[in-house]
Amino acid sequence: MAVRPITVIGHKALHSPTKKVKEVTEEIRTLVEDMFETMEAAEGVGLAANQVGSRVRIFVYDCPVPDGPNARGVVVNPVLERLGTPPPLEEEEHGEGCLSVPGEWFPLARHPRARVTGTDLDGNEVVVEGEGLLARCLQHETDHLDGYLYIDRLTGPVKAEAREAVKDRGWAADGVLRWDPSETTADKV
Ligand code: ZN
């Protein structure tokens with residue numbers, strides 16, 4: 001197993017849809033093991049395959065939920081259902097962050113509940129349903145696999161603020177397209 005470098009906004013793999021997985025090969029199993037290790041090293045709650053540069057429709061998650069152990073697993077070919085109505089943006093207490101936009105947080109109203117269906121590595125059906133942070137995570141990770149970053153969904157002044165932050169960090173423009181969570185932390189990229 002190995003920690004893989006994480007792609008940063010501007011990297012091509014993050015900005016186009018990933019491909020459906022037709023067969024779970026040894027290569028895919030190794031990718032998923034590495035994704036778990038990379039997510040842990042980066043202290044993330046979820047990680048999509050294109051965040052380590054692999055354009056396949058898979059994400060892993062390890063997300064705190066109230067009153068119990070973390071929700072943790074892998075979903076191959078996830079299909080998302082958004083449930084409920086997003087709250088007004090001003091009621092968002094927590095910002096959303098992303099390992100591919102490291103060290104930045106911006107408020108984004110997400111649907112309060114979400115359900116993802118897909119399969120595990122052995123082809124068994126998987127259903128992950130949650131609210132709060134887990135619902136946010138499920139929406140965030142499937143967005144990645146569709147070729148979108150959460151900051152693509154920001155609106156109004158927050159969107160302008162995010163654009164400015166990305167510019168100030170010099171990502172993409174300076175060719176900073178990956179960071180290595182085994183060598184540094186997201187806040188220091
Ligand atoms: Zn992300």
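Ser100 sits in the loop that runs between strand 5 (96-97) and strand 6 (105-106). Bear in mind that what you're looking at is a predicted model. Is Ser100 buried or exposed? Ser100 is buried, because its relative accessible area is 0%, and the cut-off for buried is under 20%.

What does the side chain of Ser100 reach? It gets to the backbone oxygen of Thr7, at 2.7 Å. Thr7 also turns up on the contact list of Ser100: leaving out residues up to four places away in sequence, Ser100 touches Ile6, Thr7, Val8, Ile9, Leu14, Gln51, His144 and Leu149.

## The annotated glutamate

Now for the residue flagged in the record. UniProt, in an unreviewed entry, lists Glu141 under "active site". Glu141 belongs to helix 2, which spans residues 132-145. With a relative accessibility of 3%, Glu141 counts as buried.

Which residues does Glu141 contact, once neighbours within four places in sequence are set aside? They are Gly46, Leu47, Ala48, Gln51 and Phe59. Gln51 is on this list, and Gln51 is also touched by Ser100. Two other partners of Glu141, Ala48 and Phe59, are bridge partners of each other, with Phe59 in strand 3.

Five strands make up an open sheet in the order 2-3-4-7-8, and the pairing is antiparallel. Its edges are strand 2 (46-48) and strand 8 (125-131), each of which pairs on one side only. On average, neighbouring strands here are turned by 40° against each other, ignoring direction.

Strand 2 and strand 3 pair over three bridges, in the antiparallel sense, with Ala48 partnered by Phe59 of strand 3. Phe59 has a partner in strand 4 too, namely Val75.

Helix 1 (residues 26-41) goes across strand 2, strand 3 and strand 4, and runs at about 35° to strand 3. Helix 2, the one that carries Glu141, lies across strand 2, strand 3, strand 4, strand 7 (113-119) and strand 8. The angle that helix 2 makes with strand 8 is about 125°.

## Salt bridges

The model has twelve salt bridges. One of them pairs Asp34 with Arg4, whose closest N and O atoms are 2.8 Å apart. This pair links distant parts of the chain, with Asp34 in helix 1 and Arg4 in the segment before strand 1 (6-7), 30 residues apart. Why does Asp34 count as buried? Its relative accessibility is 5%, under the 20% cut-off for buried. Arg4, at 23% relative accessibility, counts as partly exposed.

Glu96 pairs with Arg110, the closest N and O atoms being 2.8 Å apart. Arg136, like Glu96, is buried.

Which residues are linked in a network of salt bridges? The network takes in Arg82, Glu96, Arg110, Arg136, Asp143 and Arg153.

Methods:
Residues numbered from 1 in each chain as written. Predicted model: local features only at pLDDT ≥ 70, side-chain atom pairs only at ≥ 80, totals over all residues. Heavy atoms only, no water. UniProt positions renumbered as here; feature names shortened; annotations may be inferred. Helix = DSSP H or I, 4+ residues; strand = E, 2+ residues; numbered from the N terminus. Buried < 20%, exposed > 50% of the residue type's maximum accessible area, 1.4 Å probe, protein only. Contact = heavy atoms within 4.5 Å. Polar contact = N/O pair within 3.5 Å; in protein donor to acceptor, adjacent residues only side chain to side chain. Pairing = 2+ DSSP bridges. Axes fitted to C-alpha atoms, helices over the stretch in contact; angles between N-to-C directions. Salt bridge = Lys/Arg side-chain N within 4 Å of Asp/Glu carboxyl O.
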